[in-house]
Protein chains: 2
Amino acid sequence: MNEPEAPFANVAIIGLGLIGGSVGLAVHETMPKVRTYGWDADAHVREVAAERNLAHAIPANIDDAVADADLVVLCVPVRAMESVAAQLKGKLKPTCVISDVGSCKKSVADAIARQLPGQPIVPAHPVAGTEHSGPEAGFASLFQNRWCIVTPAEGVDQAHVDKVIAFWRAMGATVETMAPDHHDRVLAVTSHVPHLIAYTIVGTASDLEEVTRSEVIKYSAGGFRDFTRIAASDPTMWRDVFLSNKDAVLEILQRFSEDLTALQRAIRWGDGDALFDRFSKTREVRRSIIEEGQDDARPDFGRHDHGDAPGAGMPGDDSD
Amino acid sequence: MNEPEAPFANVAIIGLGLIGGSVGLAVHETMPKVRTYGWDADAHVREVAAERNLAHAIPANIDDAVADADLVVLCVPVRAMESVAAQLKGKLKPTCVISDVGSCKKSVADAIARQLPGQPIVPAHPVAGTEHSGPEAGFASLFQNRWCIVTPAEGVDQAHVDKVIAFWRAMGATVETMAPDHHDRVLAVTSHVPHLIAYTIVGTASDLEEVTRSEVIKYSAGGFRDFTRIAASDPTMWRDVFLSNKDAVLEILQRFSEDLTALQRAIRWGDGDALFDRFSKTREVRRSIIEEGQDDARPDFGRHDHGDAPGAGMPGDDSD
């Protein structure tokens, strides 16, 4: 391949948690000529990040991390983006592209633009992650075959957009571009509201008087434990997501509540046909997700495949 | 070991779906001297079951399946239990123990007792399953290291209870006994309400106008796809569960709705502390579930472990 191996020579990663750390490791693996700089507000995080080589240089001062950068990727919780952007004022090369990895795009893009007017801004959202967080959690292949949604601001130079797209493609992601508003609606449905619901039911279950916490844990294999996994995600990140994508989240929640009330009413009045119809439709959605390669078709996600027999992995299982 | 290898000589399995089929295969593997009889109302299911050897004999007539039985295990949807029990009137040996595998215990035990008064009844609920259903779905190790909850009716001979417990232990389950009412409350929390919520959100997402079905599927890795898995479970089984465990399900749903409303209000009014507190607590529940060996600690359930690198399995991942 004769094409240049990387769209940016110097990349600064601000925030070295699961996503920031994975960006560093992925850049090192897929674009070895790129020089990476990392920074995190937390000195302990910087220390762990240095041990794990999440970036080539991890200075104590944010100014030193961004001075040479051709691309700055902000990997902090979405409500921290604005104050971090404020710290970068007057510290960047004029051609330096600002990007981020936030789960909400409209409010983040606006916040960065307020602080860094004139700087090229090309927000991105890699739809990737795990329930683990912190500088220990990242790994180089996190973005391989994952979607990354790029939401360019109006009027930004297409050359900058193309370079950000090339950057994510180099790390293995499949890139789509989308308007920021539309991104926020889509993610409210596929990610934000599911997380809020998971957090809620796990909280409801912990607060019961008649059923003990230990019973909930013991019999969690009946379906509950899938919710606990996503309800174990980083609390700061998710608090920020809900506050930043308020309108879309509240709208989807309202629809969800109406739909739940309808099923609740069907249960109360013994309307088995309404329940059956609804439950049959949702099966088709699962089928499409499997067909499109968006999830594992093996029963129970293949959870037991690391045991010596199917099902030998651990006590309890789903759907019953 | 000099102890008798199996508590029952002849076992009849009525209903040859995921659970019934797995019981047959598990008996053959763990209690090879036991003679099994299988029956299903659906001739096609009987045919597939015979091909897969889910039972030694699969007669077309239910009478022939139960005539010699020392144990009958009813493995049909919970609202079908009563009509199946009615077909067994006068067909059983007086000492034959009736058990079942239903996900609700109180209403099922009452229904069986109405139809078969005087017969020893020892209901059981193996907390095991996958999102797949039908006679192709079962496997012998389904109950290995899973919980099985036995809910003996008042006044039933302890010798019968002990034999049913021994039967499930032989198949690898860890058995607990519980009052039927309490079982129904515990499972409402750990299984029934989580399934209803999953069915609801998957339905809500499919019905949106502004976000297309294909976008929902494409970006489902953000959290949504975990819900689609449990919302792919058997519609008949789940319709029956909700109608049969109505009171406990409605009570937990009411609490869930209150909790969700509180979080919704916190989002609307920008109360970040309330959100953060709630999200931090639920993390602890996950930790306990991992510590008690009730789920896989690997990120994302180890979904990607079958690829050539972590994350190589499929596009998209959770928690973002």
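## Helix 7 of chain A

In this predicted model, helix 7 of chain A covers residues 180-206. Its 27 residues, at 1.5 Å a residue, should span 39 Å, and the end C-alpha atoms lie 36 Å apart, which agrees. The expected span is 1.5 Å times one less than the number of residues. Helices here are DSSP runs (H or I, at least four residues), numbered from the N terminus.

Helix 7 of chain A has a kink of about 55°, centred on A:A188. The bend at a residue is the angle between axes fitted to the seven residues ending there and the seven starting there. Of the 27 residues in this helix, 23 are buried, so that the helix is mostly covered. Buried means under 20% relative accessible area, with exposed over 50% and partly exposed in between (1.4 Å probe, protein chains only).

## How the two chains are related

Two copies of a chain are related by a rotation about an axis and a shift along it. Here chain B is superposed on chain A by a rotation of 180° with 0.0 Å of shift along the axis, at an RMSD of 0.0 Å. The copies are thus related as by a two-fold rotation axis. The superposition is by least squares on the C-alpha atoms of residues with pLDDT of at least 70 in both copies.

The copies meet through the same surface, because 99% of the interface residues of chain B are also interface residues in chain A. Contact means heavy atoms within 4.5 Å.

## Aromatic pairs

Over all chains there are 16 aromatic pairs. Rings of Phe, Tyr and Trp (its six-membered ring) pair if their centres lie within 6.5 Å; planes under 30 degrees apart count as stacked, over 60 as edge-to-face and the rest as tilted. A:F279 and B:Y199 are stacked, at 3.9 Å centre to centre with 20° between the planes. This pair joins two chains, because A:F279 lies in helix 12 (residues 272-291) of chain A and B:Y199 in helix 7 (residues 180-206) of chain B. Both A:F279 and B:Y199 are buried.

A:F279 also forms an edge-to-face pair with B:F242, at 5.6 Å centre to centre and 65° between the planes. This pair too crosses between chains, with B:F242 in helix 10 (residues 235-244) of chain B. B:F242 is buried, as is A:F279. Within chain A, one aromatic cluster is formed by A:F8, A:F143, A:F167 and A:W168.

## Conventions

Residues are numbered from 1 along each chain as its sequence is written, and chains are lettered from A in the order in which they are written. Local features need pLDDT of at least 70 and side-chain atom pairs pLDDT 80 or more, while totals for chains, interfaces and linings use all residues; side-chain values use heavy atoms, without hydrogens and water.
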